[in-house]
Amino acid sequence: MASTTPMPASGDDPAPKPKRRTFSAEYKLRIVAEYDAAPSGEKGAVLRRERLYHSHVVEWRQAREAGALDALADRRTSAVRPKKAAEQAELERLRKKVARLEKDVARRDAALEVMGKANALLELLSESAD
């Protein structure tokens, strides 16, 4: 007997793509302090509750002890890395486009020069053959 449950099409992905979690510097400092203050039998409970690994706490503690509070900020999403102004981004895009076009023009000029020399050589050869 055949199943009546429809199967997803080959291109359909029933599960959404997971999002990477990000942590603020304040959160990291709070968790390290809470983990360090917890009795030895309850440290694992802090990690399970927050869905973290021991390596998170070790990394965050090392950054705190090194005095690198900036290292605790997530550079991918934090305000530490300012967004470019729209005009600045457009200017950068246009500069790249101009550089690419100048490179294309130089390549075409070189090809035309070679073709011109080849044409002159062919004319010289055809005149000497006559």
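Modeller: What follows is a set of questions and answers on a predicted model.

Biologist: How are α1 and α3 oriented to each other, roughly parallel or roughly perpendicular?

Modeller: Two packed helices are described by the angle between their axes and by the distance between those axes. For α1 and α3 the axes lie 9 Å apart and the packing angle is about 105°, while the residues in contact include Tyr27, Ile31 and Tyr35 of α1 together with Val57, Trp60 and Arg64 of α3. Because angles of 65 to 115 degrees count as roughly perpendicular, the two helices α1 and α3 are roughly perpendicular.

Biologist: And how is α1 oriented to α2, roughly perpendicular or roughly antiparallel?

Modeller: Here the axes of α1 and α2 are 9 Å apart, and the angle at which the helices pack is about 150°. Because an angle over 145 degrees counts as roughly antiparallel, α1 is described in relation to α2 as roughly antiparallel.

Biologist: Which residues of α2 make the contact with α1?

Modeller: On the α1 side, the contact is made by Tyr27, Ile31, Glu34, Tyr35 and Asp36. Facing them in this contact, the residues of α2 are Lys43, Val46, Leu47, Arg49 and Glu50.

Biologist: Which residues is Leu52 in contact with, leaving aside its neighbours within four places in sequence?

Modeller: Leu52 is itself one of the residues that make up the largest nonpolar core. Once its neighbours within four places in sequence are left aside, the contacts of Leu52 are Arg21, Phe23, Tyr27, Ile31, Leu47 and Trp60.

Biologist: Which residues form one aromatic cluster?

Modeller: The structure holds 3 aromatic pairs, and one of them joins Phe23 to Tyr27 in a stacked arrangement, 5.4 Å centre to centre with 10° between the planes. Tyr27 also pairs with Trp60, this time edge-to-face, at 6.3 Å centre to centre and 75° between the planes. The one aromatic cluster is made up of Phe23, Tyr27 and Trp60.

Biologist: Is Phe23 counted as buried or exposed?

Modeller: Phe23 has a relative accessibility of 16%. Because buried means under 20%, Phe23 counts as buried.

Biologist: What lies over the face of Tyr35?

Modeller: Tyr35 belongs to the largest nonpolar core. At 4.8 Å from its ring centre, the residue lying over the face of Tyr35 is Lys43.

Biologist: What is the phi of Arg51?

Modeller: Most residues other than glycine have a negative phi. Arg51 lies in the loop between α2 and α3, and with a relative accessible area of 61% Arg51 is exposed. Although Arg51 is not a glycine, its phi is positive, at about 55°.

Methods: Residues numbered from 1 in each chain as written. Predicted model: local features only at pLDDT ≥ 70, side-chain atom pairs only at ≥ 80, totals over all residues. Heavy atoms only, no water. Phe/Tyr/Trp six-rings, centres within 6.5 Å; stacked < 30°, edge-to-face > 60°. Buried < 20%, exposed > 50% of the residue type's maximum accessible area, 1.4 Å probe, protein only. Lys NZ or Arg CZ within 6 Å of the ring centre and 35° of its normal. Core = buried A, V, L, I, M, F, W, Y, C linked by side-chain atoms within 4.5 Å. Contact = heavy atoms within 4.5 Å. Axes fitted to C-alpha atoms, helices over the stretch in contact; angles between N-to-C directions. Helix = DSSP H or I, 4+ residues; strand = E, 2+ residues; numbered from the N terminus. Parallel < 35°, antiparallel > 145°, perpendicular 65-115°, else oblique.
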